[in-house]
Amino acid sequence: MDFCIKKSFKTLFDNPHIMLLFVTYLLAFSGLISAVVFVAGKPLFYVAVILIFLLTCAFFAGWLGMIKCLVAFKETDNAEENLKNKYTSFSIGFFSSVANYILPVIFYFILFMAFIRGLLSLASNIFNGSIETAGHIAALMSNQDALLNYLSTLPDNELIALVKFNAFVYFGILLYLFLTFYAIPSVYFNEKTANPLSGLKNGFLSLCKKPFYSAGIFLILLFSHVILVFFERISFINPVLMFIALVLRVSFIAYVIVLIFSVYEKNFTDNGNNGTDRIRENEPCN
């Protein structure tokens with residue numbers, strides 16, 4: 001575990017184009033979302049949303065493929081060879097992965113959204129329509145005074161139901177994320193197929209092979225996320241802290257992806273530890 005944590009930090013720091021591409025995507029995504037607001041008419045609006053969704057899936061398909069290239073590559077003492085792999089991870093790994101993995105990425109995005117929708121509907125049925133209250137609270141999260149004023153108007157029984165609703169949804173999402181922890185890297189490291197259903201199966205089998213090890217990694221990430229969320233909450237008092245919190249959030253997301261791929265490569269591939277999947281030696285970007 002310690003090896004993968006350190007290796008992931010090194011991979012992220014040695015390859016700044018991981019963060020650069022991610023930040024570029026976030027900026028482009030923010031601009032596109034802002035532009036969608038001004039789209040007139042529902043048909044054009046839905047077309048714009050679908051295009052943004054497809055562009056997002058295309059980016060992540062390529063970005064994850066690039067990360068796989070960097071994680072799978074075994075660094076040598078030859079600086080020229082190491083530099084060549086960094087270039088290859090972008091010039092070949094990124095663009096070839098868009099074509100090879102965009103459909104599995106689309107599947108996983110839709111699967112996650114469908115799960116969230118079903119989870120919210122189930123929680124709403126169990127806790128008597130708290131989904132409307134939760135949605136109103138989410139809209140007020142950026143205004144703490146308005147949020148506190150709204151909460152003060154709610155009766156005690158509705159507040160209790162709201163707490164239960166949020167806890168149910170939160171732990172449901174955590175369970176989903178844990179059970180699919182290795183699904184995406186399993187697709188990328190499987191040289192035979194890019195079938196997302198096979199990724200779900202192989203990822204779950206990998207999880208079962210090392211459940212306590214995987215749970216330890218998951219809990220470390222969860223604890224780190226809780227600390228980050230706490231820091232984000234107190235950062236509202238200062239613009240500098242807000243900027244630092246934003247940088248930490250973006251860095252944390254990139255690091256989590258690199259770490260999960262590193263853990264999978266080391267423990268569940270033939271290239272690492274005779275695991276579920278096998279990658280081509282000397283051709284990590286294919």
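Mentor: Before we start, a crossing of two helices is left-handed if the near helix is turned anticlockwise from the far one by less than a right angle, and right-handed if clockwise. Keep in mind that this is a predicted model.

Trainee: Thanks! Which handedness does the crossing of α7 and α10 have?

Mentor: Start with the axes of α7 (residues 156-179) and α10 (residues 211-234), which come within 11 Å and cross at roughly 135°. The two helices are therefore oblique to each other. As for its handedness, the crossing of α7 and α10 is right-handed.

Trainee: How many charged residues are in the contact of α7 with α10?

Mentor: On the α7 side you will find Tyr170, Leu174, Leu177 and Phe178, while α10 brings residues including Pro211, Ser214 and Phe218. Sorted by type, the contact has nine nonpolar residues and one polar, and the number of charged ones is no charged.

Trainee: How is α2 oriented to α3?

Mentor: The axes of α2 (residues 17-36) and α3 (residues 42-72) come within 11 Å, with a crossing angle of roughly 175°. Angles over 145 degrees count as roughly antiparallel. That makes α2, relative to α3, roughly antiparallel.

Trainee: Is Cys208 buried or partly exposed?

Mentor: The structure holds zero disulfides. Cys4, at 0% relative accessibility, counts as buried. Cys208 has 44% relative accessibility, so Cys208 counts as partly exposed.

Technical notes
Residues are numbered from 1 along each chain as its sequence is written. This is a predicted model: local features need pLDDT of at least 70, side-chain atom pairs count only at pLDDT 80 or more; totals for chains, interfaces and linings use all residues. Side-chain values use heavy atoms; hydrogens and water are left out. Axes are lines fitted to C-alpha atoms, for helices over the stretch in contact, and angles run from 0 to 180 degrees between N-to-C directions. Helices (H or I, at least four residues) and strands (E, at least two) are DSSP runs, numbered from the N terminus. Angles under 35 degrees count as roughly parallel, over 145 as roughly antiparallel, 65 to 115 as roughly perpendicular and the rest as oblique. Contact means heavy atoms within 4.5 Å. Ala, Val, Leu, Ile, Met, Phe, Trp, Tyr, Cys and Pro count as nonpolar, Asp, Glu, Lys and Arg as charged, and the others, Gly among them, as polar. A disulfide is a pair of cysteine sulfur atoms within 2.5 Å. Buried means under 20% relative accessible area, exposed over 50%, partly exposed in between (1.4 Å probe, protein chains only).
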